[in-house]
Amino acid sequence: MAKDSSVNPSTGDQAFTRLSDRGTVTEASYAGALSFMRRRYTRDLSTADVAIMGVPFDLSVSSRSGARLGPRAVRGASAHISWSAPWPWEQDPYEQLAVVDYGDCRFDSGYPANVPNEIADEARAVLATDTALLSIGGDHFITYPLLKAHVEKHGGPLSVIQFDAHSDTWADEEGRIDHGTMMFHAVRDGLVDPARSVQVGIRTHNPDPLGFNIIDAIEMHKTGPHAVAEKIRKIVGDNKTYVTFDIDALEPASAPGTGTPVIGGLSPYQAQETLRSLAGINVVGMDIVEVAPAYDVSDITALAAATLANDLLCLYAAARKQHG
């Protein structure tokens with residue numbers, strides 16, 4: 001395990017006391033200030049490579065609410081895995097990248113119509129500093145304003161790799177703030193190229209996938225994560241890619257703490273092995289969403305999300321190394 005020599009582990013509360021934004025250090029999992037992976041809390045991104053931002057929004061859910069508490073739960077669960085480099089990745093992303101916890105996106109939920117622009121504006125402020133963004137939701141609607149900001153930064157349309165039980169492309173001509181229609185609007189707005197995008201783990205009906213490539217849960221179970229990853233690679237190619245992971249992509253036995261659980265989902269191993277097998281694709285942004293801790297059991301959903309968020313960061317580190 002790599003040590004950050006600028007931090008004295010005995011000081012604790014590394015979310016505030018660490019002096020370097022690189023490195024992996026040890027702090028008791030049951031104590032201390034709960035930033036994501038014990039990263040330093042800061043809004044100063046002048047030396048940061050990646051910012052972790054919570055987006056505690058859940059006003060667009062169609063079933064059980066509670067994902068607004070997801071960022072807090074994921075940060076808490078990350079304390080259990082922050083002592084070591086992510087296994088079995090060959091490189092520790094925290095040695096390669098300066099990673100900070102930016103805190104939560106600021107918005108006023110009393111004015112829900114303003115929230116999408118407020119999320120996009122906060123993401124724009126981060127991206128304007130040439131800092132990459134790993135966002136923690138919150139419900140899946142947040143991906144829509146986040147995509148807007150990423151397309152403005154990187155150009156578009158982007159490829160999207162979406163792990164999900166639902167396609168979220170249900171038609172909506174009225175512009176609802178809804179976690180089941182945001183991909184409909186992302187395609188209609190030209191943010192996403194569906195022909196070079198893929199949705200993984202789908203196991204609900206939708207009459208119009210809007211041209212997205214679909215790898216449903218049955219295909220994952222039959223062919224396995226390596227075949228799925230190879231198929232994804234062929235679809236996205238070298239295109240700039242945004243990865244969004246809805247925790248309900250997982251089988252509810254492994255992730256009960258979510259608003260719209262659907263049985264028959266991916267195992268954590270399948271999800272992780274797929275992400276690991278995608279190392280080198282051109283990732284420019286990522287999020288993990290829909291953790292609703294009120295329905296969780298022993299924090300297993302939050303732990304899965306924290307670990308997968310770590311994997312997403314590893315995926316970004318691999319992209320940074322290959323694509324610059």
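Let me start just after helix α10, where Gly 324 takes a positive phi of about 80 degrees. Helices and strands here are DSSP runs numbered from the N terminus, helices being H or I with at least four residues and strands E with at least two.

Before going on, the provenance. This is a predicted model, in which local features need pLDDT of at least 70 and side-chain atom pairs count only at pLDDT 80 or more, while totals for chains, interfaces and linings use all residues. Residues are numbered from 1 along each chain as its sequence is written, and side-chain values use heavy atoms, with hydrogens and water left out.

Back to α10. The expected span of a helix is 1.5 Å times one less than its number of residues. For the 24 residues of α10 that gives 34 Å, and the end C-alpha atoms are 34 Å apart, so the two agree.

Which helix packs against α10 at about 75 degrees? That is α2, residues 70-78, with its axis 8 Å from the axis of α10, which covers residues 300-323. Axes are lines fitted to C-alpha atoms, for helices over the stretch in contact, and angles run from 0 to 180 degrees between N-to-C directions. The angle makes α2 roughly perpendicular to α10. On that scale, under 35 degrees is roughly parallel, over 145 roughly antiparallel, 65 to 115 roughly perpendicular, and the rest oblique. From α2 the contact (heavy atoms within 4.5 Å) takes Ala 73, Val 74, Ala 77 and Ser 78, and from α10 it takes Ala 302, Leu 303, Ala 305 and Ala 306. By class there are seven nonpolar residues, one polar and no charged ones. Nonpolar means Ala, Val, Leu, Ile, Met, Phe, Trp, Tyr, Cys and Pro; charged means Asp, Glu, Lys and Arg; the others, Gly among them, are polar.

Helix α9 also meets α10. Their axes come within 9 Å and cross at roughly 10 degrees, which makes α9 roughly parallel to α10. Ala 271, Gln 272 and Leu 275 of α9 meet Thr 307, Leu 308, Asp 311, Leu 312 and Leu 315 of α10. This contact has five nonpolar, two polar and one charged residues.

How many of the ten residues of α9 are buried? Eight, in a helix that runs over residues 268-277 and is mostly covered. Buried means under 20% relative accessible area, exposed over 50%, and partly exposed in between, with a 1.4 Å probe and protein chains only. The buried residues of α9 include charged ones by name, Glu 273 and Arg 276. The cover over the buried residues of α9 includes β5, α7 (217-223), α8 (225-236), β8 (241-246) and α10.

At 14% relative accessibility, Ile 235 counts as buried. Leaving aside neighbours within four places in sequence, Ile 235 is in contact with Ala 195, Arg 196, Ser 197, Val 198 and Asn 213. Ser 197 is 38 residues from Ile 235 in sequence, but C-alpha to C-alpha the two are 6.5 Å apart.

Next, α4 and α5. Helix α4 (115-127) packs on α5 (143-154) at about 35 degrees, with the axes 8 Å apart. The contact is made by Pro 116, Ile 119, Ala 120, Ala 123, Arg 124 and Leu 127 of α4, and by Pro 145, Leu 146, Ala 149, His 150, Glu 152 and Lys 153 of α5. That is eight nonpolar, one polar and three charged residues.

Ala 149 sits in α5 and, at 2% relative accessibility, counts as buried. Not counting residues up to four places away in sequence, Ala 149 touches Ala 120, Ala 123, Arg 124 and Leu 127.

Last, the backbone in the loops. Where are the cis peptide bonds? One joins Gly 137 and Gly 138, with omega about 15 degrees, and Gly 138 lies in the loop between β4 (132-137) and α5. Another runs from Gly 156 to Pro 157, with omega near 5 degrees, and Pro 157 is in the loop between α5 and β5 (159-163).

Asp 130, in the loop between α4 and β4, has a positive phi near 65 degrees despite not being glycine. At 60% relative accessibility, Asp 130 counts as exposed. Asp 299 also has a phi near 65 degrees and lies in the loop between β9 (283-289) and α10. At 48%, Asp 299 counts as partly exposed.
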